[in-house]
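Hello,

Here is the structure we talked about. My notes follow below it.

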Amino acid sequence: MDQVQEQQQRVEVDLKARKMASNMAAMPQQAVAVRRRGPGGGPTPPEMPGGNAVDVRITGFWRWRTVVVPPNAYVVHTRRGHDQPLHIGLGVSFPFNPATDSFLVVPGAMQTILINAHCICRELQGLLVQGYVQWIVEDFSTAYKKLDFTDTEDPMRVVNVQLREQAEAAIKDKVATMSIDAVLSDKQPIIEELTARLSQVAEGGGGSDKGLGLRIVTVQIKEAVVSSARLWESLQKPFRAERERVARLAGLETEEAISRRELEVSQERERSRLETEGELALLRSRKEAETYDREQAEQLRRQQREEEHARKLAVERQQSTLHYAELEKARLAVEEELTQRRQEVESAQRQREALAGIAVQDVEREASNRQARVELEMLEARQRIHNGLSSANVQARLVELLPTIAEKLPQPQELRSISLGTGAGPQEGQALASLVAQMMALAKVLSAEPGAPPKKTE
């Protein structure tokens, strides 16, 4: 609803005539849409502030002025002392005396009235009916007497408001007798009723009455809008449901037809497939039978060839076995002979080895006996030498061995002195006995424990 009203306001602004600013330097006075002069001949009333609906030029000075009216504007010129206007018509220019004259200028173009009628239909539901009425001045001599054109900026404003109110009343009266479906579906009765009422008011109903001197050019109803959004949706539901039902049925019919066609196509395809598979199976069985026969013939031929080849192989194998047996027999005989010769060679070799071992043992025993005899002879000679040594030789030998004995002895931890001397007796036996006694004493000293405290012996 708000969008509709905003759109209506935009249309009204666009339809409103734009006022052109006049050149103040070129014209001595600004033309006015309505200029009235009192019968007393007083001064001309001051001009209204702002622009005027009709550009009227006033030339001249003081009482010798001329009013130039555009060709698309109605004008009526009256003078004091005259019952009838001096000039009246469309685009009539005339001389003007401000002291005695008065004139009225209104646009002669077609006017458009925008209508927004908030109505209540027969079902007591709110509706907004939008329309427009276009009218023009047909008889200005009657119109200027009955209508108010005194607004300097918009002379038609009051007339448009009056006609708009009458049009809204006529629309409301007609919609109140109609159903909501009739209002939304057929607007022609509203147009006819509105045209009849406005024509009767503007043009008159016949006889001597001429109405308002206006003529209704056209009456149109643009649209009717339901005020309640929920009611509007409810009104749309039957149609939408019907459309949905029709669409659903059409869809079901289409699906059924498609399913039926698909079933027929699938049956035909399955039939073709079965026939093709039967033909292929028959052809396959024939080919398999031919293949089986060919394979059996080939297998029989191969079996015969294999049997023949096996017989040949058996004969060759038998001959080979016999030949191999003869060769094996000859080989065994050769091996037996070789074994016998090898045994003979090995026996002779072992015999030679035994003889050689016996000879070696004899040689070794002989060498060992010879060595033993030599050693016995040496011991016997050494014993003879030892037995033949004198005490002087023994002492000289002992003196020679003393450095060696001293090197092998442990480090002394005590000092003992032993005096060795010759015997007092004259015989050599006594001297040897004394030397042995001294050596025994020396051995006892050397065999003493290392940890014993040192003792001095003289």
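How far apart are R331 and E328 in helix α6, in residues and in helical turns? They are three residues apart, so about one helical turn separates them. Please keep in mind that this is a predicted model.

Salt bridges

The structure holds 19 salt bridges. R331 pairs with E328, with 1.7 Å between the closest N and O atoms. R331 is partly exposed because its relative accessibility is 35%, which falls between the 20% and 50% cut-offs.

Two other pairs sit in α6. E270 bridges to R273, the closest N and O atoms being 2.0 Å apart. Both lie in α6 (residues 229–388), three residues apart. E270 is partly exposed at 34%, and R273 is partly exposed at 36%.

D362 bridges to R365 at 2.4 Å between the closest N and O atoms. These two are also three residues apart in α6, so about one turn lies between them. D362 has 36% relative accessibility and R365 has 44%; D362 counts as partly exposed, as does R365.

α7 has 18 residues and spans 25 Å from first to last C-alpha, close to the expected 26 Å. A kink of about 40° lies at L401, shortly before the proline P403.

L401 also belongs to a nonpolar surface patch with V399, L402, I405 and L409. Together they have about 380 Å² of accessible area. L409 lies in the loop between α7 (391–408) and α8 (428–446). At 34% relative accessibility, L409 is partly exposed.

Best wishes

Note on methods
Residues are numbered from 1 along each chain as its sequence is written. This is a predicted model: local features need pLDDT of at least 70, side-chain atom pairs count only at pLDDT 80 or more; totals for chains, interfaces and linings use all residues. Side-chain values use heavy atoms; hydrogens and water are left out. Patches are made of residues with over 30% relative accessible area and no salt bridge: like charges are joined within 9 Å, nonpolar side chains (Val, Leu, Ile, Met, Phe, Trp, Tyr) within 5 Å. Accessible areas come from the Shrake-Rupley method with a 1.4 Å probe; for residues, only the protein chains shown count as cover. A salt bridge is a side-chain nitrogen of Lys or Arg within 4 Å of a carboxyl oxygen of Asp or Glu. Helices (H or I, at least four residues) and strands (E, at least two) are DSSP runs, numbered from the N terminus. Buried means under 20% relative accessible area, exposed over 50%, partly exposed in between (1.4 Å probe, protein chains only). The expected span of a helix is 1.5 Å times one less than its number of residues. The bend at a residue is the angle between axes fitted to the seven residues ending there and the seven starting there.
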